Number of protein chains: 4
Amino acid sequence: MAGNSYGTLFKITTFGESHGIALGGIIDGCPSGITLDFEAIQLEMSRRKPGQSAIVTQRKEPDDVQFLSGIFEGKTTGMPIGFVIPNTNQKSDDYTHIKDNYRPSHADYVYDQKYGFRDYRGGGRSSARETASRVVAGAIAKQILPTISINAYVSSVGPIVMDKSYKDLDFSKTESNPVRCPDEASAVIMEDYIREIRKQGDTVGGTVSCVIKNMPVGLGEPVFDKLHAELGKAMLSINAVKGFEFGSGFSGTAMKGSEHNDLYNTDGTTKTNLSGGIQGGISNGMDIYFRVAFKPVATIMQKQDSLNNKGEITEMTGKGRHDPCVVPRAVPIVEAMVAIVLADFYLINKTYNKDF
Amino acid sequence: MAGNSYGTLFKITTFGESHGIALGGIIDGCPSGITLDFEAIQLEMSRRKPGQSAIVTQRKEPDDVQFLSGIFEGKTTGMPIGFVIPNTNQKSDDYTHIKDNYRPSHADYVYDQKYGFRDYRGGGRSSARETASRVVAGAIAKQILPTISINAYVSSVGPIVMDKSYKDLDFSKTESNPVRCPDEASAVIMEDYIREIRKQGDTVGGTVSCVIKNMPVGLGEPVFDKLHAELGKAMLSINAVKGFEFGSGFSGTAMKGSEHNDLYNTDGTTKTNLSGGIQGGISNGMDIYFRVAFKPVATIMQKQDSLNNKGEITEMTGKGRHDPCVVPRAVPIVEAMVAIVLADFYLINKTYNKDF
Amino acid sequence: MAGNSYGTLFKITTFGESHGIALGGIIDGCPSGITLDFEAIQLEMSRRKPGQSAIVTQRKEPDDVQFLSGIFEGKTTGMPIGFVIPNTNQKSDDYTHIKDNYRPSHADYVYDQKYGFRDYRGGGRSSARETASRVVAGAIAKQILPTISINAYVSSVGPIVMDKSYKDLDFSKTESNPVRCPDEASAVIMEDYIREIRKQGDTVGGTVSCVIKNMPVGLGEPVFDKLHAELGKAMLSINAVKGFEFGSGFSGTAMKGSEHNDLYNTDGTTKTNLSGGIQGGISNGMDIYFRVAFKPVATIMQKQDSLNNKGEITEMTGKGRHDPCVVPRAVPIVEAMVAIVLADFYLINKTYNKDF
Amino acid sequence: MAGNSYGTLFKITTFGESHGIALGGIIDGCPSGITLDFEAIQLEMSRRKPGQSAIVTQRKEPDDVQFLSGIFEGKTTGMPIGFVIPNTNQKSDDYTHIKDNYRPSHADYVYDQKYGFRDYRGGGRSSARETASRVVAGAIAKQILPTISINAYVSSVGPIVMDKSYKDLDFSKTESNPVRCPDEASAVIMEDYIREIRKQGDTVGGTVSCVIKNMPVGLGEPVFDKLHAELGKAMLSINAVKGFEFGSGFSGTAMKGSEHNDLYNTDGTTKTNLSGGIQGGISNGMDIYFRVAFKPVATIMQKQDSLNNKGEITEMTGKGRHDPCVVPRAVPIVEAMVAIVLADFYLINKTYNKDF
């Protein structure tokens with residue numbers, strides 16, 4: 001198994017290294033008869049791809065998806081959807097300096113320890129380039145769930161926090177700026193900050209928030225596979241993520257029950273939503289909202305000490321083309337993983353409910 | 001599936017409702033030949049059980065585990081370990097008032113919506129009583145991992161935060177007070193606060209922190225099944241959890257890469273450990289540490305509005321015997337889920353590594 | 001994992017040894033709202049239990065099922081159904097002679113080799129007593145599939161073959177004789193033969209045939225999880241099974257395509273049914289029929305050489321109470337496994353089809 | 001899920017239709033550090049490919065495998081191995097006549113019923129062309145199991161049965177003739193028979209036998225995932241298979257226990273091997289042998305009635321390039337599936353055994 005699959009009924013399995021021939025994957029369990037919107041898929045890919053703006057890595061990769069199976073006359077057939085994304089713009093010689101070196105806070109060392117050796121080119125499988133395959137699957141998952149809207153956005157960059165409630169935001173603005181922060185005033189400050197950080201040869205972390213609207217009641221399983229537990233795992237599986245909270249999150253721990261409980265309206269909706277749209281692991285139809293923490297990218301353009309495979313400390317400066325801040329490009333990845341999780345629970349929910 | 005199983009090779013499946021005949025489970029994949037320490041198992045059960053101190057629920061349940069299979073002459077046989085925990089002290093009539101009522105911030109409403117009806121006695125399957133089965137499995141998992149130490153403890157209760165680094169704590173003190181906070185000064189304040197909250201008929205949230213020491217290098221899978229992603233899912237699957245962060249967590253999002261990177265010592269250890277013991281989803285041998293957010297318990301002993309199944313708002317006051325603060329009893333549950341996750345990865349890691 | 005679970009959505013996990021405290025299992029994924037017929041469940045148990053007639057083992061075990069969870073007011077709740085079957089009539093001292101001995105054609109030797117030691121009492125986990133848990137799950141699975149009829153019956157005992165087509169049989173006669181052969185003339189001969197074999201202290205094999213009627217079109221998955229592949233695995237997982245064939249089976253290998261092809265009627269049914277109701281791994285609505293081979297029971301009441309754990313050949317005579325022929329009691333087990341397989345595919349099929 | 005994956009730890013997922021752009025798959029869980037023999041892989045592919053001799057289909061497809069990931073400097077990295085096999089020689093217009101027609105004993109009808117429509121070109125996903133991906137995975141699985149030998153061969157073609165025991169065969173002769181029957185005298189008769197059948201525009205079935213030598217003791221799980229149950233499922237998942245028997249198989253059902261039991265030698269081997277190398281679901285180190293039934297190919301070059309999607313009977317003659325007898329090309333497929341099953345159990349067995 002080795003953990004390259006996600007999902008039970010709607011299942012994505014991915015393969016590919018940063019500088020191999022191609023990335024790709026197989027989507028198994030996609031229902032038949034869905035007329036795919038290929039432009040929508042490619043749009044998601046272009047939101048994730050490098051080189052899309054001045055504040056992300058300047059690698060140029062078209063990230064064109066080639067579908068090899070499972071689609072006939074524009075519609076899904078119920079058969080597995082195989083796809084590849086060729087790696088067209090590798091500069092492998094950028095990475096020969098890390099062949100024998102373990103970069104700080106990268107996976108180089110643990111890969112060598114676990115597997116005995118590693119594909120060192122561009123981080124190999126540990127590169128966030130792997131997430132391109134997730135975006136393909138997520139874009140298809142979104143088309144299974146046409147009525148649910150999934151809106152991720154950047155809510156902080158380093159110390160700059162956009163502290164508006166999601167209810168006061170206009171998500172149509174998210175794509176209007178390269179930071180993907182729907183609050184345009186904050187976006188400008190964040191963008192300036194990222195430029196400044198890049199000038200220093202440094203990197204910075206941030207947070208991505210996400211809101212899911214128009215949720216049906218009943219998705220999620222009561223015990224281990226709670227809806228928020230799967231969302232949390234899905235988020236924590238994204239490169240550089242260090243934390244996840246939903247609803248009242250960590251701040252809710254300081255509250256009293258009498259403040260935190262969400263009282264009902266007569267239609268089953270609730271007056272407040274500190275629960276974050278999930279009760280006992282199951283969606284209650286209210287908005288689901290959560291926040292994801294991304295650490296600063298480990299590759300910096302400054303001198304720092306690294307370890308070589310002889311156990312010696314050596315000086316190293318990052319090369320290659322890297323993101324000074326990962327959160328703008330993380331927005332479509334967060335949405336993709338949400339869509340994958342929801343599509344799976346949506347299909348599972350067709351099999352257990354009272355209408356049986 | 002319905003999500004009542006956890007793990008791939010070391011796998012626990014649980015059953016049971018709060019006020020049914022018994023809880024229990026099956027542990028599949030436990031290696032053979034392990035001489036079980038049954039006292040250690042019962043000790044974990046007594047750490048979780050109700051009625052153990054003045055600040056937790058006063059229900060009296062012995063929570064004795066009866067093993068039915070998979071053990072012969074005191075040793076595991078490699079066969080599935082079936083076990084039951086009889087429910088001896090149900091007072092079901094405490095709960096008849098909720099038969100037709102949906103308590104705020106409980107799972108009552110979503111169960112009725114998803115399944116068409118529900119076992120309303122004491123919350124049924126949504127009760128945290130289900131975690132008793134997890135503690136059994138965790139206690140056995142710990143015995144598969146004798147060299148790894150797992151130490152959870154209460155790090156905040158409501159607004160009272162014990163802000164010492166785990167390195168300055170003496171974990172042998174965790175069990176010395178009913179709050180399970182190893183900092184005794186903080187523990188006293190927390191205990192007083194919980195008593196005060198209970199007097200108000202209210203409840204309060206809190207956080208549990210956990211430190212894993214003596215980790216081998218190499219546990220965890222690189223992509224979807226990252227070690228911290230599984231730990232996060234395991235924590236988020238515990239009742240009342242709203243958030244998870246490890247290593248630098250949310251505070252790391254404000255940092256620069258030049259500050260956040262963990263530089264190496266010549267033996268592969270790192271000078272700092274903002275990574276929290278995991279690189280690229282794989283343990284690097286440094287301490288793993290994380291923090292889990294628990295919301296306040298929803299059942300309060302105050303009047304509040306609820307919804308009945310005719311769509312009417314009705315007034316309701318909590319009955320039954322409930323915890324004013326869940327975190328002291330959550331400590332052994334957090335440890336159990338960590339042990340289950342680590343045992344699984346430990347077995348998985350025997351199959352892929354370089355020594356093949 | 002260790003392989004004690006079966007199914008994906010409708011999933012049964014079993015535990016228990018022949019002479020432990022109890023057998024049992026957990027059924028996960030049973031839809032909610034099904035009013036269970038408990039008499040029907042107990043009826044299936046009594047069809048499998050020992051001591052039911054003169055030609056099966058004379059052990060007396062009531063095999064009463066105790067349900068511990070997942071059922072409320074007589075209906076399934078969608079929660080996992082835990083159950084136990086206490087072992088009430090173990091005579092463990094019958095088995096002390098095999099503690100250090102490996103009986104021929106039993107699993108004793110491989111268990112010691114694989115696990116380092118074994119629960120030797122009555123074969124432990126390798127005993128067919130484990131199938132009692134399968135019968136419980138199968139009896140519930142049948143209640144998910146009310147319109148499908150599953151009819152297994154004995155079609156041969158040793159050299160005595162009842163060679164009528166299933167179309168010429170009256171399945172209401174299957175339970176009218178202790179052999180469970182619906183052709184009464186054959187049943188008499190078979191019963192006499194079994195008595196004779198038992199008198200010799202010997203055992204004999206046989207075959208069980210099974211017919212599934214009123215199948216919906218569309219169950220089964222096209223590639224690895226073909227409907228007949230899962231049926232085959234399910235049958236081969238039953239103790240003592242050595243072969244499986246469906247439709248034309250082995251005899252079809254000698255045929256030409258022009259003879260073997262099933263031509264269509266205008267309503268999509270076929271004029272012949274050499275395909276056995278399955279095309280490309282998917283049910284086509286015609287009757288599914290298959291045949292299962294059972295070897296003779298290994299425990300005989302005659303002297304034979306065995307091996308002890310010092311590597312010495314020793315003489316041994318079977319003790320305990322064993323079946324001279326396993327097929328009469330295998331009939332309900334075959335039906336149970338069919339029902340489990342079909343219930344799973346039935347649920348899976350709700351998620352992929354064109355009505356999405 | 002939809003059933004396009006096989007295995008738990010060593011896991012293959014496949015995609016692709018007969019006349020799509022490409023077939024392919026992902027092998028997840030292959031251990032790291034294995035120096036792959038690519039010629040051995042391509043050799044297996046050429047054993048399966050069309051056009052290799054005068055008695056198989058004359059389609060010309062190079063069936064070149066392109067590996068896209070998981071291999072670095074010739075060795076497996078522990079990462080998923082993605083691969084594609086381009087479809088280079090489709091003649092799709094051969095198949096337009098079946099767009100609206102359901103060919104007898106093909107999957108056309110059930111696909112339309114299950115999925116609402118189908119990729120009708122060449123059978124789409126139901127084509128045995130899918131097995132090319134299995135052969136890739138099997139060829140790699142064989143390299144994980146270097147000491148185990150897997151020898152499949154044709155043991156009957158239509159009514160012509162080669163009835164020698166496998167012990168009297170020289171497996172080095174299997175590849176010496178186009179039928180893949182190691183008994184050269186039988187091979188000549190079989191080949192003549194196939195030529196004659198083809199001349200008639202007809203097809204014929206046959207059996208493939210397989211022998212596994214040098215098995216370690218202990219592979220397989222005791223209950224549902226018995227070694228022979230998985231081998232059976234794996235075989236039954238191959239296109240056109242109607243039956244599976246191992247060891248004494250169906251003929252063993254007529255035997256007495258006193259004849260069938262395999263008595264021990266002092267080293268744990270057995271004097272006879274009617275068990276077929278497996279006791280209680282677990283390998284005992286003796287040779288494993290089994291037999292697989294293949295029905296005649298459904299596409300014949302004769303006129304026969306088919307059904308169209310308006311519910312009308314229409315006359316049809318097979319077009320395209322098809323095999324008159326499938327068993328010669330099935331031999332490498334059988335071996336591939338055996339290798340996949342064994343590699344998985346081999347890895348699983350590293351995690352439970354007594355040396356823990």
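**Entry 1: a helix over strands in chain C.** I looked up helix H3 (residues 131-144) of chain C and found that it lies across S2, S3 and strand S7 (81-86) of that chain, running at about 35° to S3(C). For the angle, axes are lines fitted to C-alpha atoms, for helices over the stretch in contact, and angles run from 0 to 180 degrees between N-to-C directions. Helices (H or I, at least four residues) and strands (E, at least two) are DSSP runs, numbered from the N terminus. Contact between two residues requires C-beta atoms, placed from the backbone, within 7 Å.

I note that this is a predicted model, where local features need pLDDT of at least 70, side-chain atom pairs count only at pLDDT 80 or more, and totals for chains, interfaces and linings use all residues. Residues are numbered from 1 along each chain as its sequence is written, while chains are lettered from A and ligands numbered from 1 in the order in which they are written.

**Entry 2: the sheet in chain C.** I traced an open sheet of five strands with antiparallel pairing, in the order S1-S2-S3-S7-S4. Its edge strands are S1 (5-6) and S4 (66-67), each pairing on one side only. Strands pair here if DSSP finds at least two bridges between them. Strand S2 (residues 11-15) and strand S3 (residues 22-28) of chain C run antiparallel and are joined by five bridges. I picked out C:Thr13, whose bridge partner in S3(C) is C:Ile26.

**Entry 3: chain B against chain A.** I found 93 residues from chain B in the contact and 93 residues from chain A. Elements of chain B that give two or more residues include helix H2 (108-115), strand S11 (206-213) and helix H6 (257-260). H5(B) gives the most, with six residues. The chain B side divides into 35 nonpolar, 41 polar and 17 charged residues. Ala, Val, Leu, Ile, Met, Phe, Trp, Tyr, Cys and Pro count as nonpolar, Asp, Glu, Lys and Arg as charged, and the others, Gly among them, as polar.

I then followed the strands across. Strand S12 (residues 241-246) of chain A runs antiparallel to S12(B), and three bridges join them. A:Gly243 stands opposite B:Glu245.

**Entry 4: chain D against chain C.** I found 93 residues of chain D in contact with 93 residues of chain C. H5(D) supplies the largest share of the chain D side, six residues. That side holds 35 nonpolar, 41 polar and 17 charged residues. Three bridges join strand S12 (residues 241-246) of chain C to S12(D), and the two run antiparallel. C:Phe244 has D:Phe244 as its bridge partner.
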